[in-house]
Amino acid sequence: MLSKKEELIITGAIKEAEEKTSAEIRVFMEERCPSEPLRRAIESFEKLGMTETKERNGVLIYVAIKDRKFAIIGDIGIHRKVGNDFWKKTAQEMKAHFTKGDIVSGIVAGIKQAGDALSTYFPRRDDDINELPDEIIY
Amino acid sequence: MKLFTKFFRFILLIYYLSTLGETNCIPEPTSTFVNDFASLLTIQEKENLEKKLRLLNDSQKIQIVVITTSNLCNMEISMYANEIGERWGVGYEGLDNGVVIVIKPMHQGKKGAIFIAPGRGIQGQLPDAIVKRLIEQVIIPEFKKGEYYSGINKAVIAIVNKLSKEEVSIEQEKKSIGIFELVLLGFVGFILGIFFGGGKRPVIRIIKLVLLFIINVLSGYLFLKGFGMEHIHWSTLLFSTVVMSIGSSLALLLSRSGFLKDSKHSNGEIPRTQPLSHFWEEKKEETDNIEFGGGRFNGGGAGGTW
């Protein structure tokens with residue numbers, strides 16, 4: 001789905017974002033979405049065990065490349081802080097990249113937005129450990 | 001000697017004629033249910049009764065033939081009635097569900113008589129005891145007043161009441177579907193809908209829908225057979241298919257809107273998990289019991305298509 005280089009760009013963006021926050025950001029990509037992207041994202045969120053974080057502040061970016069569907073969702077901890085509008089705005093920004101055919105930039109934009117928000121509300125502490133792996137999941 | 005043979009022949013001839021007369025005495029079958037050979041009824045009464053009996057024959061397949069006669073052909077009235085039933089072929093073949101009512105009016109001081117002869121097929125519903133009571137308590141009192149029409153009419157109503165209770169209920173069992181069956185059919189359709197809903201690609205979805213429809217028709221047929229319907233009319237089959245399809249559509253709609261989680265989709269459709277396969281496998285068992293919707297995720301988000 002992605003070239004090695006594209007993969008690196010995305011994992012790099014995740015790392016960069018997570019340096020500023022205690023929260024977790026992950027990307028889940030697949031070719032086709034079996035249902036609605038939001039539903040699929042939530043489903044995957046749970047399947048991936050992302051609800052296990054202490055402060056319930058995981059963020060998942062979901063992209064179905066062939067079906068051209070995507071979603072960005074955050075757990076209750078972060079959602080309480082940022083509210084609905086944040087997700088809408090971020091999704092719009094991502095969509096703008098996607099429509100230009102630039103999947104990677106769209107995802108990176110999502111990661112950056114989420115990272116900024118997370119760092120505001122869940123700043124990185126010294127004793128923080130990376131709770132979840134920050135790779136891209138296919 | 002010659003005289004004796006002549007006399008003997010004459011006797012034979014007389015005997016022959018008399019037997020001939022006896023067998024010919026039974027009237028030929030007529031095209032009406034009411035045969036008032038003894039002229040006990042007015043034209044109006046005859047028409048009323050005829051109309052009623054014809055309706056009974058057409059709607060409920062009960063044949064009642066009424067005969068009034070002053071001439072029983074030297075037979076017992078019961079024999080005469082049975083003879084009429086046999087010769088006229090009263091009742092439906094196989095069912096043997098005809099009823100012959102013979103009435104002999106009082107004539108020149110001789111006692112009148114009435115006999116009701118039910119066919120073998122309905123003697124269970126019209127046992128002798130009931131017929132006897134009907135005659136003694138309902139019919140005879142009317143006849144004694146000279147009310148022949150009223151007596152016959154009451155007899156017919158009583159007989160129909162006795163017969164139609166069972167006839168009608170049998171009809172209902174065979175021909176119509178009750179609420180229970182409807183709900184059952186809908187439910188089966190619903191279950192089938194759950195199994196055949198969805199599909200990742202449009203082609204698969206269409207194939208599944210066609211399969212669903214075929215299975216709905218087939219299982220509908222089997223269910224109707226199971227309900228005890230021997231001859232299933234195409235419209236009944238269509239009806240059951242429609243009911244089942246409604247059930248299936250409901251299941252499809254619900255699964256689309258997310259009320260029903262399609263567990264087939266959620267398993268194994270996160271493809272190529274190489275980078276995190278160990279993670280995935282580890283978490284799988286824990287996460288299997290997470291019900292979507294009532295799941296632990298409780299946050300927010302946004303998505304869309306491009």
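These exercises walk you through two chains of a predicted model.

Residues are numbered from 1 along each chain as its sequence is written, chains are lettered from A and ligands numbered from 1 in the order in which they are written. In this predicted model, local features need pLDDT of at least 70, side-chain atom pairs count only at pLDDT 80 or more, and totals for chains, interfaces and linings use all residues, while side-chain values use heavy atoms, with hydrogens and water left out.

**Exercise 1. Describe chain A.**

Step 1: Start with the elements, where helices (H or I, at least four residues) and strands (E, at least two) are DSSP runs numbered from the N terminus. Chain A has four helices and four strands, and their order from the N terminus is α-β-α-β-β-α-α-β.

Step 2: Turn to burial, where buried means under 20% relative accessible area, exposed over 50% and partly exposed in between, with a 1.4 Å probe and protein chains only. In chain A, 58% of the 138 residues are buried.

Step 3: Look at contacts (heavy atoms within 4.5 Å). Taking those in chain A between residues at least 6 apart in sequence, 70% link residues at least 24 apart.

**Exercise 2. Describe chain B in the same way.**

Step 1: Chain B contains ten helices and five strands.

Step 2: Of its 306 residues, 38% are buried.

Step 3: For contacts in chain B between residues at least 6 apart in sequence, 64% connect residues at least 24 apart.

**Exercise 3. Find out how strand β2 of chain B is covered.**

Step 1: β2(B) spans residues 63–68, and six of its six residues are buried.

Step 2: Now sort the side chains by face. In a regular strand they alternate between the two faces of the sheet. On one side of β2(B) sit B:Gln63, B:Val65 and B:Ile67, on the other B:Ile64, B:Val66 and B:Thr68, and all are buried.

**Exercise 4. Which handedness has the β-α-β unit of β2(B), helix α3 and β3(B)?**

Step 1: A crossover is right-handed if, with the strands pointing away from the viewer, the path from the first strand over the helix to the second runs clockwise.

Step 2: Together with helix α3 of chain B (residues 77–88), β2(B) and β3(B) form a right-handed unit.
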